[in-house]
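I am opening a notebook on a structure that is new to me. These entries record what I looked up, one topic at a time.

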Amino acid sequence: MDEDLVGTEATAVKNLQFRNRLVSFCESLCCALLLLFCCCSHPSAVRCSLYAEEIHGSVLQLHGRTVARWKEGTSDASLITGDCNVLLDGEAIRAQAVLLIVNGAPEQLRGQMVLLDSENLSPLDQNPPIVKSVRLRHEPIIDAGSYVSKPDEVDSLLDLLATDDIRESVYPTVNQVQFASPVVAETQPKNIQKEERRGLQFLVGGGSRSVEIVPRGASTAPQVETVNRPELSETVIVARGGMTVLIRDVAARLASGDTMDLGTISISADRVVGWLPLVANLFNGAEDLSEAQGELYLEGDIVFRQGERIIYADAMYYNVAMERGLVLEAEAITTVPNQMGLVRLKADVLQQVAKGNFIAFDAAITSSRMGIPRYWLQSQQLSLRESEKVQTDSITGSAKVYREPFVDSRNNFVYLSGVPILYWPKFSTSLDRPTSYVSSVGLNNDSVFGTQFLLDLDLFQLLGIQSVGKGSDWALSLDYLSDRGFAVGTDFDYETDSFLGTKNKADGFLDAWFIRDRGEDVLGNLRRNLTPETRNRGRVILQHRQSLGVSGELTAELGWVSDRNFLEQYLENEWDQDVDHRSELHLRRYHHSHLLDLTVAGKVNDFYTVTEKLPQLDHYLLGGSLFGDRLTLSGHSRIGYQRLKPGTLPLDPAEAAFYAPVPGEVFAKGLVASTKQEVSLPFQMGPVRAVPSLAGEASHYGQDVTGQPITRLIGQAGLTASLSAWKADPSVQSALLNVRGLAHKVEWVAGYHYGDSNVSLDELPLYDSLDDNSQEQFRSRFINSSFGGVLSPQFDPRYYALRQGFQWLVANPSGVIADDLQQFRLGLHQRWQTKRGLQGKERIVDLLQFDIDTSIFPSSDRDNFSEAIGPTTYGLMYHIGDRVAFLSDGYFDLFSSGLHSVSAGLQTSRPGMGELYLGLLSLRGPISSTVFRTNLDYRLNEKWIASAGAAYDFDDTGNIGQTLALTRIGESMLIRVGVNVDQGRDNVGVGFSIEPRFWPSPRLGMLGGGMIPPPGADGLE
């Protein structure tokens, strides 16, 4: 951040590498002062105007072989020749020569171009030249391989422009610096307001950089005094009366051939003193201006601007040779990496002690633009330094060195409304992590946990740990729940290019949280006021993934939970939606179509059903080729020692009475070995693609459900076919339906599969679980409450998976799911597409998508509970517009009491404004329910966001719950107040959240899939 305070011009023309920005800025200012001394006797009154029919644009880029630059009145003139390419907002124009003249203030630049089809500058010797006028928002970017002086033939082109009798004077170049004195335009168009401006422009670096010196005031010219001191080999220059230096960089060409725009810099000060090399030594070649040593002192209302960066100061001193400087009463408004919006830094004293090393005394940081901000970070002493980091390119594998800015600070306070709310003696952080100790703050209240104060702190900053790779975060959680107790936890995310001394990429996370719980669990109807199985509660989850060379991978996972109800009580969303907490180790090796996987899995949570693998080796072959790609071979083989250990019953007798065993979950152990091989023959039969296949499986299990060893043999055969067709009709047009042409794409899919097994599915334990722990525990209670303790086969998850065709998959997720089965599978997949967008920029979008799939069972009595038609599904998506969509899907089992599920919803969103969803879900079968659900996020005005949600069951349950929240958009922070009603737990909660708007990972203020604009984007708020 402090590096940006003192300089931003990043060039070194000779080697095309960027130096320290502060050094470049000071070198340019030295050049400006020296040239001002040499040329102060030349006239400086300038008048100029340009007029023509205008083409508006933002960014103008010109590329060519050579460039000449000079001054025409107050306008900047450039002549680019040789294979010219002109880009204006993405539109390209080719020419052999281009004359460009621009004039005006930033954001209001006017320009004229003359484009020629020949490098001969005489417009009479070629096709009529093209004259264009443009209005630009940014300075033109010019990229040329070399710089040349202004040619004499250019006068004939100037006659084509809106100027009369232009006269110019060209001065010879000295040490790669060209002086061009301002020129007076003797006549002006009558209706154009005259503009006077006194200034001087010169070029350095072979024309790659333009430096212009103008008075700071509108009418008063600066007073410049020079004193030569030969005994000290220096020249002292003193400028009074206010001056502004404009440094307009054209472009820099990198070694790769790419170009980079270097931007425009503006420096203003009331008084400037410079100690520079002796002028005579510069002209006789004894010293090179680009390597000059000197000192600068600026005083009085210093303003430094580059892009969005603005720096204000009272006084500044800089030593070019020693790269040291001092800034008094500095205030900077700048951007910070990985952060939305702008940051404001104010310091009494800012000191540069070495290149890339800065110290700020009594520094304050905030994102507020108010005169007195509502919150800020105050540091007695803040140090900025740069450290070199090595990062491996993920594509090429080559090492790259980048400089990462670090900040160290001591005696730090966080102020809110002028009141210190947090103190920490010292912290250290990278500017890529622009938080201030606190990662998150929350205040809630409800009847389950009481009043909750939730605080997350950045441990890397608090402990002063600096060697942190990008993508790594470490947070400390300090929480208080008035009805449950104090809690502590940590969350550590890491990503590194080397792990434990090896050059292998690794990433993962650790999440741990513990509480001494003095309350009781409230988990819903019939499960209220449950006594926890232990008072010391919490969880630890660790996941690690590491590459082992090009084709190897190691993954490890540890998941420990204190008791069966902890996740459901404290982390309900994670319990319902995330995968199980497992404890496994995988060592994988990839080779073409092969995969070897060595697995070790254990059980650390007795209350969950887990299959231990001690160990197991799997080999997968997917899409192998036989006989010159005529046949395709796939297979899965495994061998290992497994131990299936069902979960224990709850310790609370009242809760244990609700539990019943899930089919297939019995204790079993022993050797498990199997191999399944499939060979297929894909071929094309006219427009139909057909794939016949044969498969066989042999498996051995150390114990069946009775504890005896068992061997299973399976034979399978199948045939799948698909036919695709499409038709386009551009004549289908409807403004009402937003349709411009229509294309219908359709795919018919059909398949037949037959399988024969010598072992029934009921004889095998369910070694490979089909559901997560949350579903298994719900099913255990559901079996008892709805089926009297014995689950009907129609709702057995094993037979559901069997009818879904699990056994036809080579990589079957549950190897025991296989039996005698005969099945036809039919599908119709359709898509209608149209064009939408601006005229000439249309894009193809999906208008309507409708898919339907079903199964037919010839042996319905055996395979589908006496119904020939099996599971039938459909999916529908209708994009009414770019922001409005209708969604629907359904599932149907036709046997008695089979599940019928239909959902339909309407979703509309507008980024930055809001999002609305209205949905209805209807279930009929073992559970009957019709639930209406709605969610709304809407920006009421510039200051407020309203969020609401509701769910209601039209059957027995009735009201499910509601949420309502208001978010205030402040200039400094977002404040959210919300109310949540959970009817099932008889709980009403109130939440309060505060989030600074400079937060690196914002969570509040999401609207229509996008965040609200950063602070300051629309000016002062």
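**Entry 1, the whole chain.** I call a residue buried under 20% relative accessible area, exposed over 50% and partly exposed in between, with a 1.4 Å probe and protein chains only. With that cut-off, 46% of the 1021 residues of the chain count as buried. I am working from a predicted model, in which local features need pLDDT of at least 70 and side-chain atom pairs count only at pLDDT 80 or more, while totals for chains, interfaces and linings use all residues. Residues are numbered from 1 along each chain as its sequence is written, and side-chain values use heavy atoms, with hydrogens and water left out.

I took helices (H or I, at least four residues) and strands (E, at least two) as DSSP runs numbered from the N terminus, and the chain holds 11 helices and 59 strands. I then looked up contacts, meaning heavy atoms within 4.5 Å: among those between residues at least 6 apart in sequence, 56% join residues at least 24 apart. Accessible areas come from the Shrake-Rupley method with a 1.4 Å probe, and for residues only the protein chains shown count as cover. The accessible surface of the chain comes to about 49200 Å², and 56% of that belongs to carbon and sulfur atoms.

I followed H9 over residues 773-787, where its 15 residues reach 20 Å from the first C-alpha to the last, close to the 21 Å expected; the expected span is 1.5 Å times one less than the number of residues. Its buried residues include Asn 773, Glu 776, Arg 779, Phe 782 and Ile 783. What do the buried residues of H9 pack against? I found helix H6 (566-570), helix H7 (572-577) and helix H10 (797-803). Just after H9, Gly 788 takes a positive phi of about 70°.

Patches are made of residues with over 30% relative accessible area and no salt bridge, like charges being joined within 9 Å and nonpolar side chains (Val, Leu, Ile, Met, Phe, Trp, Tyr) within 5 Å. I noted one nonpolar patch on the surface, with about 880 Å² of accessible area together, whose members include Val 441, Tyr 480, Phe 486, Val 990 and Ile 994. Strands E29 (438-446), E56 (973-982) and E57 (987-996) each give two or more residues to this patch, and E57 gives the most, with 4. Val 990 lies in E57 and is partly exposed at 41% relative accessible area.

Side chains of opposite charge can pair when their charged atoms come close. I counted a salt bridge where a side-chain nitrogen of Lys or Arg is within 4 Å of a carboxyl oxygen of Asp or Glu, and the whole structure has 32 of them.

Glu 234 pairs with Arg 229, the closest N and O atoms being 3.1 Å apart; Glu 234 is buried at 15%, whereas Arg 229 is partly exposed at 29%.

Asp 511 pairs with Arg 539 at 2.9 Å between the closest N and O atoms. Asp 511 lies in strand E33 (residues 506-516) and Arg 539 in strand E36 (residues 536-548), so this pair ties together parts 28 residues apart in sequence. Asp 511 is buried at 18%, and Arg 539 is buried at 3%.

Asp 517 and Arg 537 meet in another salt bridge, 3.0 Å from N to O, and both residues are buried. Salt bridges that share partners join Arg 484, Asp 517, Asp 521, Arg 537 and Asp 563 into one network.
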